[in-house]
Amino acid sequence: MGHISQQFFDLGYLDTLASGDSPVHRLDPRVKLITTLAFIATVVSFDKYSISGLIPFAIFPAVQISIAGLPAGYLLKKVLWVSPFAVLVGIFNPLIDQDILLHIGSIGISGGWVSFSSILIRCLLTVTSALILIASTGFDTLCAALQRLGVPRPFVVQLMFLYRYIFVLMDEATRMVRAVSLRSFNSGAMHFRIFVPMMGHLLLRTLDRSQRIHLAMKCRGFDGHIRVIRFMKIRSTDIFFATGCLTFFIVLKYCNISYELGHLITRLIP
Amino acid sequence: MSHHIIQAQDLYYTYPDGTMGLNGVSFRIIHGESVALVGANGAGKSTLLLHLNGSLNPTKGKIRIGDIPLTPKNLKTVRRSVGMVFQDPDDQLFMPTVFDDVAFGPLNLGLSVTEVEHNVMQALETVGVSHLKKRPPFKLSGGEKRSVAIAAVLAVSPDILVMDEPSSNLDPRSRSRLIKLLSAFQHTKIIATHDLDLAMDLCERTIVLHQGAITADGLTRDIFQDEALLSRSGLEKPLRLQGCPICGQRTEFQLRA
């Protein structure tokens with residue numbers, strides 16, 4: 001459990017990264033959000049067996065990481081934390097789809113394995129780009145950008161509060177688990193009989209806290225609207241970045257650069 | 001301004017589950033006074049504080065803030081003049097960054113962006129934490145959180161400051177910094193606390209609550225020397241007024257007049 005809570009506090013590190021300064025950090029958050037969404041949509045839109053077409057897309061996150069000076073190792077570790085979901089999605093493909101699709105030397109590779117790797121590559125690309133977005137923008141600014149883009153206010157506010165209080169909630173849960181483990185001397189998994197009332201207790205505490213927060217908000221004049229000051233201005237660099245990225249995605253979508261490059265090389269080397 | 005006066009008349013409050021919260025509380029606090037509200041756990045301190053800005057409505061009795069009676073209609077005016085600092089700063093700092101949090105009140109008042117920025121920076125400077133403005137609240141220490149919570153209340157320039165346990169969970173140095181900060185404020189102050197030494201430092205007047213009713217209301221120095229009264233109300237003398245445990249003698253003390 002301590003391990004998980006550590007992971008959550010590590011999440012705060014993304015915010016620290018967001019306070020940096022680089023050409024990527026300086027881009028308008030709305031532009032970054034839209035290009036990242038376009039990137040994710042394009043990556044997801046490829047057909048299930050494509051691998052070579054997806055590889056060039058790694059350029060987008062790679063360039064962003066290097067310009068923004070983000071720690072690639074840290075981001076990859078975060079991706080590994082969510083990768084089990086992608087693995088679960090694709091794990092049965094090799095069993096179901098056993099038609100041989102390609103040969104590497106004399107080894108035949110089935111369609112299932114190809115689509116499974118395709119899923120993993122997509123997961124890697126999309127999650128990395130989402131993490132880069134947060135690490136170069138900051139969650140709060142991103143929420144403000146969502147609101148400016150016309151996302152309904154309740155969603156944005158929920159997201160903002162989720163991010164603000166997940167740390168407090170984790171802290172509370174960690175303390176409870178620690179209290180239980182200190183007095184249940186036989187180390188091992190927590191018994192269901194203890195886990196259920198503990199979760200209930202946590203829920204009650206959360207409700208209590210939410211009431212106090214609401215009170216504090218009302219005391220400071222909350223009327224259903226959350227107002228934040230964020231100056232956002234779209235400059236020429238933003239437009240240049242957005243058009244450049246979008247053109248790049250479209251080109252990659254309709255022209256398989258890996259294939260063309262391989263084709264070119266095999267032609268050059270007889 | 002007469003807004004600084006708080007008057008409570010015969011307040012009664014019963015919680016929905018039937019627990020008695022307040023049992024006939026009356027007092028009048030005038031402009032610039034600094035009043036400590038002390039009492040054992042469950043004496044009704046927090047309940048009383050929540051009445052002062054209309055967060056709870058008395059079952060019976062009236063509250064006046066300055067010239068106006070506290071009714072649901074003028075809640076907004078009252079909440080502007082009564083700034084409330086909650087016990088747990090995590091409840092109060094709900095916005096993503098320190099700046100946003102302090103700006104929350106002023107923005108709700110409909111001030112212009114430049115005015116808001118000015119108020120926020122001034123409030124942050126008053127409590128000495130302007131360097132934290134871009135930080136998310138979960139990365140602050142307990143003392144910093146408390147300071148920001150106070151700044152968030154100061155940003156709407158209230159006339160009256162109401163605080164619930166301002167020194168709880170603070171290390172000794174943050175605590176003395178807080179006392180110094182609060183003593184510099186000219187506001188009318190109502191401080192509910194278990195920290196009787198803090199009460200001695202900051203408040204000339206003390207109201208003692210016991211089981212929802214006032215058992216004493218008077219000069220802090222008189223009340224804190226009245227051992228019979230304190231023990232009747234479930235309290236003890238402030239540490240400073242107790243005998244020195246090492247030399248076995250009573251320490252010398254000086255009370256602020």
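Let's start with the order of elements in chain A. Along the sequence, the pattern runs α-α-α-α-α-α-β-β-α-α-α-α-α-α. That gives 12 helices and two strands. Keep in mind that this is a predicted model.

Now the overall form of chain A. Its radius of gyration is 23 Å, while a compact globule of 270 residues would come out near 18 Å. Along the principal axes, the C-alpha atoms fill a box of roughly 75 × 55 × 30 Å. Of the 270 residues, 26% are buried. Next, contacts in chain A with a separation of 6 or more. Residues 24 or more positions apart account for 76% of those.

On to the two strands. Strand 1 of chain A covers residues 100–104, and strand 2 of chain A covers residues 107–110. They pair in the antiparallel sense, over four bridges. A:Ile100 stands opposite A:Ser110 of strand 2. Together the strands form a hairpin, with two residues between them. Look at A:Gly105 in the turn: it has a positive phi of about 60 degrees. Is strand 1 of chain A largely in the open or buried? Of its five residues, the number buried is zero, so strand 1 lies largely in the open.

Next, a helix pair. Two packed helices are described by the angle between their axes and the distance between the axes. Here we have helix 5 of chain A, residues 72–90, and helix 7 of chain A, residues 111–137. Their angle is about 145 degrees, and the axes are 9 Å apart. The crossing is right-handed. Which residues make the contact? From helix 5 of chain A, they include A:Leu75, A:Val79, A:Val82, A:Ala86 and A:Val89. A:Lys78 and A:Ser83 of helix 5 also take part. From helix 7 of chain A, among them are A:Phe116, A:Ile119, A:Leu120, A:Cys123, A:Val127 and A:Leu131. By class, the contact between helix 5 and helix 7 of chain A has 13 nonpolar residues, four polar and one charged.

Last, the partner chain. How many residues of chain B are in contact with chain A? The count is 25, and they meet 25 residues of chain A. On the chain B side, the elements giving two or more residues are helix 2 (75–81), helix 3 (89–92), helix 4 (98–108) and helix 5 (113–126). Helix 4 of chain B gives the largest share, six residues. The side of chain B that touches chain A has 12 nonpolar, six polar and seven charged residues.

Technical notes: Residues are numbered from 1 along each chain as its sequence is written. Chains are lettered from A and ligands numbered from 1 in the order in which they are written. This is a predicted model: local features need pLDDT of at least 70, side-chain atom pairs count only at pLDDT 80 or more; totals for chains, interfaces and linings use all residues. Axes are lines fitted to C-alpha atoms, for helices over the stretch in contact, and angles run from 0 to 180 degrees between N-to-C directions. A crossing is left-handed if the near helix is turned anticlockwise from the far one by less than a right angle, and right-handed if clockwise. Two residues are in contact if their C-beta atoms, placed from the backbone, lie within 7 Å. Ala, Val, Leu, Ile, Met, Phe, Trp, Tyr, Cys and Pro count as nonpolar, Asp, Glu, Lys and Arg as charged, and the others, Gly among them, as polar. The radius of gyration is taken over C-alpha atoms; the globule rule is 2.2 Å times the number of residues to the power 0.38. A residue is buried if 20 or more other C-beta atoms lie within 10 Å of its own, exposed if 12 or fewer, and partly exposed in between; C-beta atoms are placed from the backbone. Two strands pair if DSSP finds at least two bridges between them.
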